[in-house]
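Subject: Structure for you to look through

Dear colleague,

I am passing on the structure we spoke about, and my notes on it follow below. Please keep the sequence and the 3D view open while you read.

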Amino acid sequence: MEKDAKKGVSRRRFLGTTAAGMAGLAVLPGLSSCKQKPAATDKTIRMGFIGMGRQSMFLLNGFLQIPGTQVVAGCDVYGRKRKRFEQRVTDFYAEAGQKADVKTYEKYEDLLAREDIDAVVIAVPDHAHAMIAVAACKAGKDVYLEKPMTFTIKEGQVLRQAVRDNDRVLAIGSQQRSDPNFQHAVELVQSGKLGKITKINAYVGAPPTPYTLPEEPIPEDLNWDRWLGPLAGDIHFNNELNPPISLDPPQDEQFWGGWRWYKETGGGFTTDWGAHMFDIAQWGLGMDGSGPIEISPIGDGTEFMQFKYADGTVMTSEPFDEKLTKGVKFWGETGWIEVARGYFNASDEKFMPAESVADDGPYETKIPHQVNFIEAVRERKDPVVPVEIGHSSATVCNLGNIACDLKRTIKWDPDTETFVDDEDGAATAKLHYEYRSPWTLT
């Protein structure tokens with residue numbers, strides 16, 4: 001079947017992408033169709049934002065426009081980002097003829113101490129996800145948390161417990177699960193229309209590399225010590241880790257924060273895109289809350305990172321086209337499908353999504369995933385991607401990096417979340433790392 005991989009059907013669905021929402025607060029297409037205005041008796045959801053970087057500005061753009069929400073606070077360790085946030089919220093409400101009531105903080109603890117805040121959006125670097133999200137749960141806040149859910153597997157276990165112990169709603173920003181094309185792909189797989197799945201290409205890119213950027217002066221209004229948080233204190237500053245912005249003249253980040261590419265501060269493409277594409281593969285296979293049993297790094301008898309599941313299915317982080325598209329290809333006994341952002345292809349026309357489920361605009365302007373979180377908060381129910389799914393998907397990513405770091409195949413028991421045959425304890429030691437004092441997870 002693999003020899004036919006390049007053929008496919010003649011009709012492919014491509015959609016453009018844009019950085020909509022990054023430069024301002026334009027109205028988002030499709031908002032009116034994805035959420036009806038709440039009844040007058042519905043309680044307004046008062047929101048705070050922790051982390052005010054590039055992704056946070058996109059999320060702010062969406063949440064501001066969801067009826068029945070009010071953004072009242074923000075937090076960041078970078079002073080100029082606090083000012084940008086306050087100005088954008090103030091301008092939005094002014095244009096809507098409403099009075100702004102927004103305050104910003106350098107310390108997330110101060111924001112969480114406010115009893116009038118119902119929910120928080122956490123869009124900070126991955127290493128601070130768990131620490132802040134656990135604190136938010138204990139403070140009685142519901143949480144919209146950017147992917148990947150946590151930096152380590154142990155953090156995921158602790159956060160999962162904190163969510164349930166405190167009866168909180170926590171949603172992970174794996175927005176592809178709210179995308180019609182990805183939903184259609186998973187339905188095909190789970191309904192058996194492709195037959196038994198034998199192989200999956202879930203291409204995400206390379207693992208992290210050592211941090212080698214030169215040291216640069218720390219901006220005066222950036223609290224670098226708080227940015228590092230639990231990470232090692234000897235990690236030096238470079239603008240690539242926390243991209244600069246300008247308020248006069250206005251200029252947003254010109255690139256994504258580079259912390260994600262380095263071992264000391266992030267998980268590379270393995271976690272950055274794996275939290276999306278491995279997540280879709282897990283969903284399709286019915287492995288939410290579970291995972292693979294054997295993980296092989298690049299070079300250990302494999303050309304690509306490889307994951308084996310108990311039923312024999314193999315997933316590799318292997319490109320399915322020459323463009324190195326980050327996406328997922330499901331190989332079944334009766335055909336195959338490829339899905340990525342704004343793209344769908346199949347071995348047979350009958351597997352293609354109907355025109356009615358095609359996206360109707362740029363990928364970045366879709367916010368039904370955020371709307372789902374607000375609905376979950378109101379109805380006290382699990383969102384599309386609850387904490388258990390976020391944890392199992394992040395665990396797959398982290399297992400891949402652990403195997404690559406050890407340069408050997410590792411075996412995993414997804415039921416007990418422990419390593420198998422780890423005689424020297426090397427893999428188990430990578431379930432977590434020692435936080436720098438005084439930072440704690442619990």
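A nonpolar core is a set of buried Ala, Val, Leu, Ile, Met, Phe, Trp, Tyr and Cys residues joined through side-chain atoms within 4.5 Å. Please bear in mind that this is a predicted model. The largest such core here has 41 residues, and those with the most contacts inside it are Ile-200, Met-315, Val-328, Phe-330 and Ile-337. Among the elements that give two or more residues to this core are the helices α7 (180-190) and α12 (387-406), together with the strands β8 (197-203), β14 (327-332) and β15 (335-340). A second, separate core has 36 residues, including Ile-50, Leu-111, Val-124 and Met-131.

Finally, where does Asn-238 lie? Asn-238 is found in the loop between α8 (224-228) and β9 (246-247), and because its relative accessible area is 6%, under the 20% cut-off, Asn-238 counts as buried. The side chain of Asn-238 reaches the backbone nitrogen of Glu-240 at 2.8 Å, and, not counting residues up to four places away in sequence, Asn-238 also touches Tyr-211, Leu-213, Pro-214 and Glu-216.

With best wishes

Notes
Residues numbered from 1 in each chain as written. Predicted model: local features only at pLDDT ≥ 70, side-chain atom pairs only at ≥ 80, totals over all residues. Heavy atoms only, no water. Buried < 20%, exposed > 50% of the residue type's maximum accessible area, 1.4 Å probe, protein only. Helix = DSSP H or I, 4+ residues; strand = E, 2+ residues; numbered from the N terminus. Polar contact = N/O pair within 3.5 Å; in protein donor to acceptor, adjacent residues only side chain to side chain. Contact = heavy atoms within 4.5 Å.
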